[in-house]
Amino acid sequence: RKAWLAKELFAATMGMFLRDNFIHGDMHGGNVLFSDRDGTATIIDAGVVTAIEPDYQHSFASFLLALCTGDVQELGDRLLEFNQREACDPLAFRHDIAETT
């Protein structure tokens, strides 16, 4: 039953995230209600949510793909694109990412 529940919650979370652009900002076991009676799982407490702005959706999808495929160059490029700080050495940053993967 645990494996089934994990798969269901993963599918629901990925659907919200990738299909619906709805990101639950406080996902943990305390925010999931499970009914033994009918086997349903309900995700609650949507008080902290966000969405990816349209201008960043393609870049964020590229970031996720790079993360899943281990494409360090693309991952670094996307993270640098998302960076809000002015003081960043791109070469050192990419080197640090490559060292941690």
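I took a disulfide to be a pair of cysteine sulfur atoms within 2.5 Å. By that criterion I found 0 disulfides in the structure. Cys-68 counts as exposed, at 69% relative accessibility. Cys-88 is partly exposed, at 31%.

**Basis of the entries**

I note that the model is predicted, that local features need pLDDT of at least 70 and side-chain atom pairs pLDDT 80 or more, and that totals for chains, interfaces and linings use all residues. Residues are numbered from 1 along each chain as its sequence is written, and side-chain values use heavy atoms, with hydrogens and water left out.

**Overall form**

I counted secondary structure as DSSP runs, numbered from the N terminus: helices are H or I of at least four residues, strands E of at least two. The protein chain has 4 helices and 4 strands. Their order from the N terminus is α-β-β-β-β-α-α-α.

I looked up the radius of gyration, which is taken over C-alpha atoms, with a globule rule of 2.2 Å times the number of residues to the power 0.38. The protein chain has 17 Å, whereas a compact globule of 101 residues would have a value near 13 Å. The C-alpha trace spans about 55 × 25 × 20 Å along its principal axes. I recorded 20% of the 101 residues as buried.

I took contact to mean heavy atoms within 4.5 Å. Of the contacts between residues at least 6 apart in sequence, 40% join residues at least 24 apart.

**Aromatic rings**

I treated rings of Phe, Tyr and Trp (its six-membered ring) as paired if their centres lie within 6.5 Å; planes under 30 degrees apart are stacked, over 60 edge-to-face and the rest tilted. The structure holds 5 aromatic pairs. Ring pairs link Phe-17, Tyr-56, Phe-60, Phe-63 and Phe-82 into a cluster.

**Helix α2**

The buried residues of α2 are Ser-59, Phe-60, Ser-62, Phe-63, Leu-64 and Ala-66. Their cover includes α1 and α3 (72-82). After α2 comes Gly-70, with a positive phi near 75°.

I followed Phe-63, which lies in helix α2 and is buried at 14% relative accessible area. Leaving out residues up to four places away in sequence, Phe-63 touches Leu-75, Arg-78, Leu-79 and Phe-82.

**Asn-31**

I located Asn-31 in the loop between β1 (23-24) and β2 (32-34). Asn-31 counts as buried, at 6% relative accessibility. Not counting residues up to four places away in sequence, Asn-31 touches His-24, Asp-26, Thr-42, Ile-43, Ile-44 and Asp-45.

Conventions
Buried < 20%, exposed > 50% of the residue type's maximum accessible area, 1.4 Å probe, protein only.
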